[in-house]
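Visitor: I have a structure to go through, and I'd like to pick at it piece by piece. Could you show it to me?

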Amino acid sequence: MPKQYDLKKDERYLQLLSQSFPTIADASTEIINLQAILNLPKGTEHFLADIHGEHEAFQHVLKNASGNIKRKVNEIFGDTLRESEKRNLCTLIYYPEQKLELVKQEEKELDDWYHIAIHQLVRVCRDVSSKYTRSKVRKSLPIDFSYIIQELLHEHSDDKDKTDYVSTIISTIISTGRADDFIIAISKVIQRLAIDQLHIMGDIYDRGPGAHIVMDILKNYHTWDITWGNHDILWMGACAGNDACICNVIRIALRYDNMDTIEDGYGINLIQLATFAMDTYGDDPCKEFKPKISQPDSIDDKSTLLIARMHKAISIIQFKIESQMIKRYPFWKMENRLLYEKIDYERGTIQIDGNEYKLSSCHFPTIDPKHPDKLTLEELALMERLHHSFTGSEKLREHILLQLRHGSMYKVVNNNLLYHASIPLNEDGTFKEIEIYPKIFASGKELLHKISGIIHRAFQPKMDTENLKERKYAIDYFLYLWCGPDSPLFDKAKMTTFERYFIKEKETHNEVKGYYFGFRDKEEIADSILDEFDVKGPNRHIINGHVPVHVVKGEKPIKANGKLMVIDGGFSQAYHKETGIAGYTLVYHSRGFELVQHEPFASQEDAIKRGIDIVSTTQIVEMNQRRLKVADMDKGTELKLQIEALEELLYAYQHGFITEQERKSRPKV
């Protein structure tokens, strides 16, 4: 029995649809096309987290697709190439420009090398493009070589009738002096097609030197999204004009001696801070504030002392501004962070949780014990300049707005729930209600929705008085998201920054994690979170980062009977001693999930000159009984709805409810 349609109900929609598909032939062709796409293998998804400014390691993992390209090369060439040859081919794909320069210095028979390399690259490109439509592949090709690459991808040199044809194309590429350009172009196509979609579970910023470079890479990346991390939120707050966030951003940069992103990336000058620090703390050794330097010989004692004084100066200001904001919003419940009021400045001690501790230093020349959170005139002038620099940096604003466009507090994609850190829970595992605005509470999915709304409000233009008030709170709220006890991006009882600087007793440094982190091993809790976010299907997962996986202590990244995966990228060098590895990335292809454990990345120079790839160990997390198709994914659901609408349009044409129109020329899809 033919399917029945309510054409009266859908008439306006069908009339609009007929503008794009004006004839029976057009509608039929599109149905055939979409049905065919449904049966293609699903594209490969790549999951990364906690990049922390390590742009070289990040770029390498993108280029090698977490080992996916190396796996393809091994599958294609097997024992027909030596390991060194396969390694050189992979390096050529990852870094074509740099590798070509080395080859031209060393290779005597360059034309022969070009012939072999181009044939090998075409084979790899043919393999990675096989799961896409010709249309999608065509859109990925560079204009200069689009036609040539299409011809090479769809013609085989082992076809006797086409051997001379293919050979002539390659010979002509070489003889016309375009071999280098062609190799660079096809290598980038391989990188592009190896990964269909990139998902980042937050924390692009802080610790490493090149967060701005990571953002520039993402700006030109084909398809990506991000679920914001607490360090991303900190930089959003700084860009929006939250002075506490500005201080934190500078403090962290000084702590790790990585001012590149601030100064070189965003053009923010710290000379006024340096001058203020020398004037105010010129006689202070500031031993608690010496930077964590990965290579001690890279900086002299004089520079180290200057950084330490700048570090202390901005930290003291930070604690003052945070104290003012905490008093402004008592419902944040952060009174335990008003530490300046708990100091006995004469005795050099502090009261915390009923215990008295000796401060390692009590040299606070800018603090008035009667009004400890009040900024001096010099501090106010300095903050005014820094505020102007951060809010006025065009490139910083461009990058933050890019994160807003591509980002969210959480994302559900292909039965996977992505978020950075946690979903706040009560002691019994139920969702915890959080007061996010005076008398406004939310929990679970609604909590993340409301927080996302507040974040966007901070970047809306100033309008009426009520809008201005909400916008002011939204800007202030970034501090709570960074270090508030029930923030889903932090979820710890407190951030003990002050204690780590000034108190030697380790018990004061402890940051008690929220109940979520104790429950995330339990499958029933993972299921309740997945249900809360309407994630359906038998093979559903939570994927997040935030907390490094301590492999050296036997910790596992797979939790809740395989339903929760922690893939803190561990890119930051500061974590490597602590974790024993350089973290995890995740690949989800048509056959299932593969978790990739990485060793620390040596350097881009080693990767190019010696072909040293990141040493990675792949762990199969979940393999499917059959190969997944586009039809099984979110894209498949979308295409099925389009097919249903087109079938309805086709029925309307065939039964005279809508008249076919004269076909108009329209661009190919």
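Visitor: Which residue takes a positive phi just after α27?

Guide: First, some housekeeping: this is a predicted model, where local features need pLDDT of at least 70, side-chain atom pairs count only at pLDDT 80 or more, and totals for chains, interfaces and linings use all residues. Residues are numbered from 1 along each chain as its sequence is written, and side-chain values use heavy atoms, with hydrogens and water left out. Helices (H or I, at least four residues) and strands (E, at least two) are DSSP runs, numbered from the N terminus. Just past α27, the residue with a positive phi, about 80 degrees, is Gly656.

Visitor: And how far does α27 reach from its first C-alpha to its last?

Guide: The helix covers residues 634–654, which is 21 residues. The expected span is 1.5 Å times one less than the number of residues. For α27 that expectation is 30 Å, and the model comes close to it, reaching 30 Å.

Visitor: What is the end-to-end C-alpha distance in α5, and what should the helix span?

Guide: α5 takes in residues 83–94, twelve in number, so at 1.5 Å a residue it should span 16 Å. The end C-alpha atoms agree with that, being apart by 17 Å.

Visitor: Which residues of α5 are buried?

Guide: Buried means under 20% relative accessible area, exposed means over 50%, and partly exposed is in between (1.4 Å probe, protein chains only). By that cut-off, the buried residues of α5 are Lys86, Leu89, Cys90, Thr91, Leu92, Ile93 and Tyr94.

Visitor: How are α5 and α6 set against each other: parallel, antiparallel, perpendicular or oblique?

Guide: Axes here are lines fitted to C-alpha atoms, for helices over the stretch in contact, with angles from 0 to 180 degrees between N-to-C directions. The axes of α5 and α6 (residues 96–106) come within 6 Å and cross at roughly 130 degrees. Angles under 35 degrees count as roughly parallel, over 145 as roughly antiparallel, 65 to 115 as roughly perpendicular and the rest as oblique. The two helices, α5 and α6, are therefore oblique.

Visitor: Which residues of α6 make that contact?

Guide: Contact means heavy atoms within 4.5 Å. On the α5 side, Asn88, Thr91, Leu92, Ile93 and Tyr94 take part. Their counterparts in α6 are Pro96, Lys99 and Leu100.

Visitor: Is Asn68 buried or exposed, and what does Asn68 contact?

Guide: Asn68 sits in helix α4, residues 68–77. Its relative accessibility is 5%, so Asn68 counts as buried. Setting aside neighbours within four places in sequence, the contacts of Asn68 are Thr44 and Ala194.

Visitor: What is phi of Asn414 near?

Guide: Asn414 belongs to the loop between β8 and β9 (416–419). At 9% relative accessibility, Asn414 counts as buried. Most residues other than glycine have a negative phi, and most peptide bonds are trans. Asn414 has a positive phi, near 50 degrees.

Visitor: Why is β16 described as largely enclosed, and which residue of β16 is the bridge partner of Tyr584?

Guide: Six of the seven residues of β16 (residues 592–598) are buried, so the rest of the structure largely encloses this strand. β15 (residues 584–589) pairs with β16 in the antiparallel sense over six bridges, and a hairpin joins β15 to β16 through two residues. For Tyr584, the bridge partner in β16 is Gln597.

Visitor: Last one: how far apart are the C-alpha centres of domain 1 and domain 3?

Guide: The bounds come from an automatic or database domain assignment. They give domain 1 (10–40 + 631–655), domain 2 (45–201 + 520–628) and domain 3 (243–394). Between the C-alpha centres of domain 1 and domain 3, the distance is 60 Å.

Key: Pairing = 2+ DSSP bridges.
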